[in-house]
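Please look over the sequence and the structure shown here before reading the notes that accompany them.

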Amino acid sequence: MATRLCWNSGFILNMAQAYRKFAEDIQNGTSLTPGFADAFKLHQLFDAVEKAAQTGERQVLVPS
């Protein structure tokens, strides 16, 4: 069964807030919103969780 997005769901609000914060970063010359490096670290975490679930072994993330 396909999932439908509802206008009253949190998804729309979350996207609007992300775009607003991104625009503020551009206007103010800041970089407070998550970027590629943040996404990369998050995916490393996801990969470690998946590997731990598959192997049953604790995974160690090395800070970069």
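The briefing below moves from the whole chain to its helices and then to the loop between them.

This is a predicted model, in which local features need pLDDT of at least 70 and side-chain atom pairs count only at pLDDT 80 or more, while totals for chains, interfaces and linings use all residues. Residues are numbered from 1 along each chain as its sequence is written, and side-chain values use heavy atoms, with hydrogens and water left out.

**Whole chain**
- The protein chain has two helices and zero strands, where helices (H or I, at least four residues) and strands (E, at least two) are DSSP runs numbered from the N terminus.
- Of the 64 residues in the protein chain, 5% are buried, meaning under 20% relative accessible area, whereas exposed means over 50% and partly exposed lies in between (1.4 Å probe, protein chains only).

**Helix H2**
- The 20 residues of H2 should span 28 Å at 1.5 Å a residue, and this agrees with its end C-alpha atoms, which are 28 Å apart; the expected span is 1.5 Å times one less than the number of residues.

**Loop between the helices**
- Thr33 lies in the loop between helix H1 (10–28) and helix H2 (36–55), and its side chain is joined to that of Asp25 by a polar contact of 2.8 Å (a pair of N or O atoms within 3.5 Å; within protein, one must be able to donate a hydrogen and the other to accept it, and residues adjacent in sequence count only if both atoms are side-chain atoms).
- Not counting residues up to four places away in sequence, Thr33 touches Lys21, Phe22, Asp25 and Asp38, contact meaning heavy atoms within 4.5 Å.
- Gly35, also in the loop between H1 and H2, is partly exposed, with a relative accessible area of 36%.
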